[in-house]
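Hello,

Here is the structure for you to look over. My notes on it follow below.

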Amino acid sequence: MPRLFTALEIPRNVAMSLSLLRGGLPGARWIDVENYHITLRFIGDVDWRTADEIIDKLDRIERPEFQLQLTGTGAFGSKKPHSVWAGVSNHPEMYALQAEIERICQRLRLPADPRKFTPHVTLARLRSSRVEDVVEYLSGRGNFMASPFTVSRFVLLSSRDSVGGGPYLTEEVFPLHEVRSSSLSSNDEHPASNIW
């Protein structure tokens, strides 16, 4: 059974902005652009029956779409850095979605995720990178900021025979609900006049 996790996808234009952060760090194994994502909940190896139950419950989530922006960079592992990442703007809807997924997993008797949810996009895994090199890399890229984007769905991804970083396969897609403006302008009464 593949390892499963829920995630938010990164749009192509934002992924291309992230790709400009690649390079300049000895010992880094850079993540391929098509594998950039924001992990919401690592599920791990489960049997097919449990996977089907997870999919069924995730499919019932009813949440609105929301805006995110990637901003800043950082590293995990202060004394022995093991990865560098791009940060994610704090949005209450993202945290609410993640919390609902966590509750679903716990109701299905999956072990609670021991790590605090820290939204990020992993840029590279580090092998024997010196702390000084990581600090220098981050100091030149701390002001990174990508264009905001709308999150209109979340996905269930799987990874096979990998040590992290992909390749990932999209197993299921779960749409979020489009947020409609509550105020109606006079043009809204005549839909044909709104065509661009």
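Gly-27 touches Arg-125, Leu-126, Arg-127 and Ser-129, leaving out residues up to four places away in sequence. A contact here means heavy atoms within 4.5 Å. Gly-27 and Leu-126 sit 99 residues apart in sequence, yet their C-alpha atoms are 5.7 Å apart in space. Gly-27 belongs to the loop between α1 and β2 (28-30). Its relative accessibility is 35%, so Gly-27 counts as partly exposed. The cut-offs are under 20% relative accessible area for buried, over 50% for exposed, and partly exposed in between (1.4 Å probe, protein chains only).

Two points on provenance. This is a predicted model, where local features need pLDDT of at least 70 and side-chain atom pairs count only at pLDDT 80 or more, while totals for chains, interfaces and linings use all residues. Residues are numbered from 1 along each chain as its sequence is written, and side-chain values use heavy atoms, with hydrogens and water left out.

Overall picture

The protein has 4 helices and 10 strands. These are DSSP runs numbered from the N terminus: helices are H or I with at least four residues, strands are E with at least two. Their order from the N terminus is β-α-β-β-α-β-β-β-α-β-α-β-β-β. Of the 196 residues, 42% count as buried. Take the contacts between residues at least 6 apart in sequence: 77% of them join residues at least 24 apart. The accessible surface is about 11,500 Å², and carbon and sulfur atoms account for 51% of it. Areas come from the Shrake-Rupley method with a 1.4 Å probe; for residues, only the protein chains shown count as cover.

A buried glutamine

Gln-98 is in helix α3 (residues 92-107). Its relative accessible area is 13%, so Gln-98 is buried. Beyond its neighbours within four places in sequence, Gln-98 is in contact with Leu-40 and Phe-117.

Salt bridges

The whole structure holds 9 salt bridges. The criterion is a side-chain nitrogen of Lys or Arg within 4 Å of a carboxyl oxygen of Asp or Glu. One of them pairs Arg-3 with Asp-45 at 3.4 Å, N to O. Arg-3 is in strand β1 (residues 3-9) and Asp-45 in strand β3 (residues 37-45), so the pair ties together parts 42 residues apart in sequence. Arg-3 is partly exposed at 41%; Asp-45 is exposed at 51%.

Asp-56 forms a salt bridge with Arg-60, with the closest N and O atoms 2.8 Å apart. Here Asp-56 is partly exposed at 34%, and Arg-60 is exposed at 54%. Shared partners also link Arg-63, Glu-93 and Glu-100 into one salt-bridge network. Arg-130 and Asp-133 meet at 3.2 Å, N to O. Asp-133 is buried, at 17% relative accessibility.

Second largest pocket

This pocket holds about 200 Å³ of space. A pocket is an open set of points on a 1 Å grid over the protein atoms alone, where a 1.4 Å probe fits, with protein on both sides within 12 Å along at least five of seven lines; lining residues have an atom within 4 Å of a point. Points are joined across faces, edges and corners, and the volume is the space filled by probe spheres set on them.

There are 13 lining residues, and Glu-9, Ile-10, Glu-34, Asn-35 and Tyr-36 are the closest to the centre. The elements giving two or more residues to the lining are α1 (12-19), β9 (153-159) and β10 (168-175). By class, the lining has 7 nonpolar, 3 polar and 3 charged residues. Nonpolar covers Ala, Val, Leu, Ile, Met, Phe, Trp, Tyr, Cys and Pro; charged covers Asp, Glu, Lys and Arg; the others, Gly among them, are polar.

Best regards
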